[in-house]
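Let's take a walk through this structure together. Keep the sequence and the 3D view side by side as you read.

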Amino acid sequence: MAAPPVRLAVVGAGLIGRQHVLRIRNEPEATLAAIVDPSPAARDLAAGVGTPWLADLDELLRADRPDGVIIATPNQMHVANGLTAVAAGVPMLLEKPVADGVDAGWRLVEAAEQADVPILVGHHRRHSPLIQRAKAMVASERLGRITTVSAHCWFRKPDDYFDVAWRREPGGGPVLINLIHVIDDVRNICGEISTVHALESSAIRGFPVEDTAAVLLRLESGALGTITISDAVPAPWSWELTAGEDKAFPKVDTSCYLIGGTEGSLAVPELELWHYPSEAGWRAPIERRRAIAPEQDPLVLQLRQFCRVVRREEPPLLDGRSAMGTLEATLAVKESAATGRTVQLAARRRGGRA
């Protein structure tokens with residue numbers, strides 16, 4: 001006999017919260033229990049989809065405890081709402097990042113572990129078949145020992161994007177909003193990051209927040225990497241445009257990540273493997289093969305995994321402890337850019353691996 005649908009409440013009805021609402025309503029394994037957000041727009045959304053609307057999570061938990069909650073509020077509210085869910089014993093899908101600061105993030109993670117409340121962190125690309133296939137190819141050692149990784153995240157945000165005041169202020173730039181995904185992809189595919197050195201610039205728009213950043217990484221394996229990001233460049237080299245997973249973006253047939261090893265190199269998300277079929281050397285013919293991954297919506301796959309997490313059928317693909325590594329590395333970018341110093345991560349890590 002099939003298990004009944006998991007009752008999920010969405011806390012925060014902004015851009016990503018609305019995406020979760022849409023997918024829950026189309027998912028047989030889940031049902032929408034409520035929308036929690038004090039805004040009139042959220043109230044109208046709830047009325048439009050025929051689900052209860054509540055102003056805050058405490059009110060929901062007093063009225064009708066769901067099986068799980070999806071926390072998609074602004075970053076600074078993640079820990080408060082997460083601790084409320086922990087106190088009620090309700091599993092959560094917590095949108096990235098875990099918190100807006102390292103100490104606060106660890107407070108939530110450790111409280112959840114002590115209470116045995118699962119946290120699935122919403123780095124949804126972890127569920128991407130393209131990312132998973134790339135990770136498997138690296139793990140198979142078909143590339144040999146990884147020596148370098150280069151990631152680009154270049155795009156042009158429209159001018160009206162910045163009509164929202166917080167997007168022009170510190171914390172609203174592409175490092176904490178967009179680069180955090182790239183750092184998680186690098187950690188997931190290539191391994192842990194040990195040191196970070198970074199530069200930032202706001203020269204294009206002149207806002208108090210960066211529009212461009214360049215990052216130099218050393219991985220624990222000894223491999224070196226670079227990441228460049230800018231939200232002021234008309235360009236196709238970002239995950240959104242190259243992967244084709246989010247249909248709101250036009251797909252471009254190119255890659256934005258390059259991973260190099262001693263036996264071959266890999267372009268992602270096109271999954272093009274380059275290697276020498278016989279003799280190795282830069283004058284020898286080099287061969288290209290393309291791997292295939294199924295086309296699936298990572299947000300749908302993440303939602304289905306969360307349903308299994310809520311039912312205690314399996315652990316989160318990315319739990320809070322492992323996701324803290326991505327938050328710490330991303331905040332290290334900000335720290336290095338502000339101080340001009342290289343930031344060592346290994347000494348700070350409390351344990352756990354992605």
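**Helices, sheets and their contacts**

In α5, the residues V102, G105, W106, V109, E110 and E113 meet G320, R321, M324, E328 and L331 of α10. By type, the residues of this contact between α5 and α10 divide into five nonpolar, two polar and four charged. Please keep in mind that you are looking at a predicted model.

How do the two helices lie relative to each other? Helix α5 spans residues 102-115 and helix α10 spans residues 320-339; they pack at an angle of about 180°, and their axes are 10 Å apart. That angle makes α5 roughly antiparallel to α10, because angles over 145 degrees count as roughly antiparallel.

Now turn to the sheet near the start of the chain numbering. Strands of a sheet pair through backbone hydrogen bonds, either parallel or antiparallel. Here, six strands form an open sheet with parallel pairing, and their order is β3-β2-β1-β4-β5-β6. The edges are taken by β3 and β6 (119-122), each of which has a single partner strand, so one side of each is left without a neighbour in the sheet. For β6, look at β5 (residues 92-95): the two strands pair in the parallel sense over four bridges, and L93 has L120 in β6 as its bridge partner. Helix α1 packs on this sheet, where α1 touches β1 (6-11), β2, β4 (68-71) and β5. The direction of α1 makes about 150° with that of β2.

Which of its residues are buried? A42, L45 and A46 are. These three cover an arc of only 100° around the axis, which puts them on the same side of α2. The general rule is that an α-helix has 3.6 residues a turn, so residues three or four places apart point the same way. The buried residues of α2 pack against α1 (15-25), β2 (30-36) and β3 (53-54). On the face turned away from the buried side, you will find the exposed residues A47 and G48. After α2 comes G50, which has a positive phi, near 70°.

Finally, visit strand β7 (residues 146-154), which pairs in both senses. With β11 (residues 257-261), β7 runs antiparallel, and five bridges join the two; S150 stands opposite L258 in β11. With β10 (residues 224-230), β7 pairs in the parallel sense over seven bridges, and there W154 has S230 as its bridge partner.

Methods
Residues are numbered from 1 along each chain as its sequence is written. This is a predicted model: local features need pLDDT of at least 70, side-chain atom pairs count only at pLDDT 80 or more; totals for chains, interfaces and linings use all residues. Side-chain values use heavy atoms; hydrogens and water are left out. Buried means under 20% relative accessible area, exposed over 50%, partly exposed in between (1.4 Å probe, protein chains only). The arc is that of the directions from the helix axis to the C-beta atoms. Contact means heavy atoms within 4.5 Å. Axes are lines fitted to C-alpha atoms, for helices over the stretch in contact, and angles run from 0 to 180 degrees between N-to-C directions. Angles under 35 degrees count as roughly parallel, over 145 as roughly antiparallel, 65 to 115 as roughly perpendicular and the rest as oblique. Ala, Val, Leu, Ile, Met, Phe, Trp, Tyr, Cys and Pro count as nonpolar, Asp, Glu, Lys and Arg as charged, and the others, Gly among them, as polar. Two strands pair if DSSP finds at least two bridges between them.
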